[in-house]
Amino acid sequence: MSKIKKEMSERAELSEVVAEKPAQKLGRKRDHTRDDKILEATIDILADTSFDGMTMDMVAARAKAGKATVYRRWSSKAELVRDALAWMNRNHLELESLPDTGTLREDLLVLLKPQSIAEEERKFRVLAGLGSFLQHPEFAEAGTAGIFEPWVVVNRELMNRAVVRGEIPSHADIEMACQVITSMASFRGLIQRKPFDKPFFTVLIDGILLPALKNPQTAPNIMDR
């Protein structure tokens, strides 16, 4: 009986030691520098082969990463493409720090980074080749939001600043103006297959956005319906 009690006591002490001992960390710390390489490889392959022709193996090979490395970060091809589209957008727009030139016109133009013809062509091929990705509502919606939503947020902030400066009236339809910008960017790229560059954006700002913001209609905002 005493032997049994002694064994139980020893097991209890052993359990306490194990509980107090820090758990051993398994695996290596995630290298975040690989993320950009994988996302860039994804965009390159989308431009070359389209979403339907892309595989996770192809991405891993292009990024010089193991397939397991890719799957640890993204569990599916659709999820990877969603994040790659957002990454592509961040490289086109200056979203890290808001410009403050003193005028809304110049602030909006400063956001747009110059793109080479090759970069613009690659973007057209990516968007045109999304194919069945758009049939994944949970990813397609997030993917398109990843492309445009950061831009909308920044544009909204710049326009609100213009209201504070007295550059545009407080009842200007800012939400509509933000949607005009992203809608025209989509139409320009997907339908016309032309770059949404500064010359085009300048015409859009001077001919449509600023006149509409500075002279807003008093009718109800249809975006609220």
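I looked up I191 and found it in helix α9 (residues 174–191); helices here are DSSP runs of H or I with at least four residues, numbered from the N terminus. The model is predicted, so I note that local features need pLDDT of at least 70, side-chain atom pairs count only at pLDDT 80 or more, and totals for chains, interfaces and linings use all residues. Residues are numbered from 1 along each chain as its sequence is written, and side-chain values use heavy atoms, without hydrogens and water.

I then turned to D35, which lies in helix α2 (residues 33–53). D35 is buried, because its relative accessible area is 13%. The side chains of D35 and R73 are joined by a polar contact of 2.6 Å. Such a contact is a pair of N or O atoms within 3.5 Å; within protein, one must be able to donate a hydrogen and the other to accept it, and residues adjacent in sequence count only if both atoms are side-chain atoms.

Next I examined helix α10 (residues 198–214). I listed its buried residues as F200, F201, L204, I205, L209, L210 and L213.

Finally, I recorded that the chain has ten helices and zero strands. Of its 225 residues, 35% count as buried.

Key: Helices (H or I, at least four residues) and strands (E, at least two) are DSSP runs, numbered from the N terminus. Buried means under 20% relative accessible area, exposed over 50%, partly exposed in between (1.4 Å probe, protein chains only). The bend at a residue is the angle between axes fitted to the seven residues ending there and the seven starting there.
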